[in-house]
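Here's a quick tour for anyone meeting this protein for the first time. Have a look at the sequence and the model, then read on.

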Amino acid sequence: QVQLVESGGGLVQAGGSLRLSCAASGRTDRGYVMGWFRQAPGKEREFVAAISWSGGNFYYADSVKGRFTISRDNARNTAYLQMSSLKPEDTAVYYCAAAGTRDRNYVAAGMSEYNYWGQGTQVTVSS
């Protein structure tokens, strides 16, 4: 079992930046793909970015490519999402998720692949 806690959300003006953090606890001795998803009001939850257990492979949604960067620090059991050039359409609750894996280089983009979820953190981008 893994517990995930997000932090770093808030209110920012368009064009600004925020960094989200996701701290993992529990069975962190196993390998996990880490992902970020988001859900805007009235919309379905969508994939944002994911990073492999090794930290060497990444995958981004087209809508955030070139603006968001996912990273992880396995020694600290923490994943990050650096968000830059934020737009009002980035406004959403952002969720961190973890998927158990034995492949250090595997990256998962499908929501159903993730076993563990955080409670979410609100990001609001004003125009």
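How does the radius of gyration of the protein fit what a compact globule with 127 residues would have? The model is a predicted one, and its radius of gyration is 14 Å, which agrees with the value near 14 Å for a compact globule of that length. Here are some whole-protein values.

| Property of the protein | Value |
|---|---|
| Span of the C-alpha trace along the principal axes | about 40 × 25 × 25 Å |
| Share of residues that are buried | 44% |

As for secondary structure, you'll find eleven strands and zero helices. Among contacts with a separation of 6 or more, 61% join residues 24 or more positions apart.

Now for the inside. In soluble globular proteins, nonpolar side chains tend to be buried together. Here, the largest nonpolar core has 38 residues, and Leu4, Met34, Trp36, Leu81, Met83 and Tyr94 touch the most other members. Strands giving two or more residues to this core include E1 (2-7), E4 (32-39) and E8 (78-83), while E9 gives the most, with six. Leaving aside neighbours within four places in sequence, Leu81 is in contact with residues including Leu18, Trp36, Val48, Phe68, Ile70 and Tyr94.

A polar atom of the Thr121 side chain lies 3.3 Å from the backbone nitrogen of Gly9. Beyond four places in sequence, Thr121 also touches Leu20 and Tyr94, among others.

Technical notes
Residues are numbered from 1 along each chain as its sequence is written. This is a predicted model: local features need pLDDT of at least 70, side-chain atom pairs count only at pLDDT 80 or more; totals for chains, interfaces and linings use all residues. Side-chain values use heavy atoms; hydrogens and water are left out. A nonpolar core is a set of buried Ala, Val, Leu, Ile, Met, Phe, Trp, Tyr and Cys residues joined through side-chain atoms within 4.5 Å. Buried means under 20% relative accessible area, exposed over 50%, partly exposed in between (1.4 Å probe, protein chains only). Helices (H or I, at least four residues) and strands (E, at least two) are DSSP runs, numbered from the N terminus. Contact means heavy atoms within 4.5 Å. A polar contact is a pair of N or O atoms within 3.5 Å; within protein, one must be able to donate a hydrogen and the other to accept it, and residues adjacent in sequence count only if both atoms are side-chain atoms. The radius of gyration is taken over C-alpha atoms; the globule rule is 2.2 Å times the number of residues to the power 0.38.
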